[in-house]
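The following note sets out points for a colleague who wishes to examine this structure. Please read each point alongside the coordinates.

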Amino acid sequence: MTTTCTADGFFGDYGGQYVPEPVVPILNTLAEAFEQYRNDPEFLEEFHYYLNHFSGRETPLYFCKNLTEKLGGAKIYLKREDLNHLGAHKVNNTIGQILLAKRMGKKKIIAETGAGQHGVATAATAALMGMECTIYMGAVDVERQKLNVFRMEMLGAKVVAAQSGQQTLKEAVDEALGAWLQDPENVFYLLGSAVGPHPYPLIVREFQSVVGREAKKQIMEAEGRLPDYCVACVGGGSNAIGLFADFICDESVKLVGVEPAGRGLDYGDHAATLCLGEPGVMHGFNSYMLKDEQGEPAEVYSISAGLDYPSVGPEHSQLKDQNRAEYVHASDKEAVDAFFMLSQMEGIIPALESSHALAHAMRIAPEQDKDKIIVVNLSGRGDKDVAQIEEMVSEGKIELPKIRG
Ligand SMILES: *Cc1c(COP(=O)(O)O)cnc(C)c1O
């Protein structure tokens, strides 16, 4: 497997370890363990065993015949990460990191979560592997995500509500970091996206890269050639880098990341970090970042809780500067339109996050010749979003369309 990351964890100018001094040796121990096991045949065999038997890989590459005919242009294929156990790509990473934690002799898994999806995947994988698990969540998020909190508790995890400051993701990160520093011998910090200080962006990319490797093999079987586009939504950037990784060297394949434009492009209304941000350091790494007037992390918003993060994985920042990948945005409304379109044309309810990627694919497909191929990473399923959409419909904020006659 290839990577463009240097030994000290830089993707060009981005990435690195901007952390308090005591954290550096802990990160470096993790980086060494990862280097030791990433190509270890026994480790990989176990990793793929759980990917296959616990999560149900490989996931299909599905041709959207109805949607393609309706749009009248390029062929649209979906990489069905929504069919993973727990409903999204996140489990690819939690399996890999907990196996690594076990190899390192750790006893406890900790993680932070905002919307709860990463917390649930972590709790489930920790249950599978018999690891003690504590999930940190801002107190406000605990209140907003009651059902996910209960799900984590059902899976045997302890959920700690961070009470300081704004009581959201940032405070949860602070408390989780504190717990890690207190007991680095026994505790493994499981990060959920391709962000954070080195080696996390590298680790997450590696464990998610199974997505692109499978997709490449599958499109070669289906079409006998590489796709013209690979499209994925970008929150922290893990499902996108997972799809892109195996195609970066294939110059003919256009890589497109889709960020949330939310309610619009004014401050506080979106989380289109690569489209509208500038380089800056937060959460221990340098990357494109959305800032407020003081240069602190901006307030961000998206209809999908999994995409509202004011920074982004450092490798995406490098791919943007190199013009190897293009980053665009899709609004809440475009995502919701795509959500209904896929539901009614293909019988697949997509996650609102993934609907941003779909929205862009639906935008470009009609302009393309019929022999062009677009692969969209359907990062997750929309079951978790049904209540939110139902509420918007019943409050009259959106209309439930009838797309087929
Ligand atoms: C968490 C999540 C995302 C966003 O995270 P990335 O690291 O950017 O992939 C996207 N889609 C789904 C379904 C998610 O659960």
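1. Asn93 touches Leu190, Leu191, Gly192, Val204, Phe207 and Gln208, with residues up to four places away in sequence left out; contact here means heavy atoms within 4.5 Å. The residue belongs to helix H4 (residues 90–103). Asn93 is buried, with a relative accessible area of 1%. The class boundaries are under 20% relative accessible area for buried and over 50% for exposed, with partly exposed in between (1.4 Å probe, protein chains only).

2. On provenance, this is a predicted model, in which local features need pLDDT of at least 70 and side-chain atom pairs count only at pLDDT 80 or more, while totals for chains, interfaces and linings use all residues. Residues are numbered from 1 along each chain as its sequence is written, and side-chain values use heavy atoms, with hydrogens and water left out. Helices (H or I, at least four residues) and strands (E, at least two) are DSSP runs numbered from the N terminus.

3. The ligand has 17 residues around it, of which Lys90, Ser193, Ser238, Asn239 and Ser379 come nearest; a residue is counted as near if one of its heavy atoms lies within 4 Å. Polar contacts are pairs of N or O atoms within 3.5 Å; within protein, one atom must be able to donate a hydrogen and the other to accept it, and residues adjacent in sequence count only if both atoms are side-chain atoms. A polar side-chain atom of Lys90 lies 2.5 Å from a ligand oxygen atom, and an N or O atom in the side chain of His89 is 3.0 Å from an oxygen atom of the ligand. For Ser379, a side-chain N or O atom is 2.8 Å from a nitrogen atom of the ligand. Taken alone, the ligand exposes 380 Å², and the protein buries 96% of that (Shrake-Rupley method, 1.4 Å probe).

4. An open sheet of 4 strands has the order E7-E6-E5-E8, with parallel pairing; two strands pair if DSSP finds at least two bridges between them. Strands E7 (158–162) and E8 (187–189) form the edges, each pairing on one side only. Strand E5 (residues 108–112) is joined to E8 by 3 bridges, and Ile110 stands opposite Tyr189 in E8. Helix H5 (residues 117–129) packs on this sheet, touching E5 and strand E6 (132–138), and its direction makes about 170° with that of E6. Axes are lines fitted to C-alpha atoms, for helices over the stretch in contact, and angles run from 0 to 180 degrees between N-to-C directions.

5. Is Glu185 buried or exposed? Glu185 is exposed, because its relative accessible area is 64%. The residue sits in the loop between helix H8 (169–182) and E8.

6. A second open sheet contains 6 strands in the order E3-E4-E14-E9-E10-E13, and its pairing is mixed. Its edge strands are E3 (61–63) and E13 (325–331). Strands E9 (residues 229–233) and E10 (residues 254–262) pair in the parallel sense over 5 bridges, with Tyr229 opposite Lys254 in E10. Helix H15 (residues 352–364) lies across E4, E9, E10, E13 and E14, at about 145° to E9.

7. Ser311 lies in the loop between strand E12 (285–289) and helix H13 (314–321). Ser311 is buried, with a relative accessible area of 0%. Its side chain reaches the backbone oxygen of Tyr288 at 3.3 Å.
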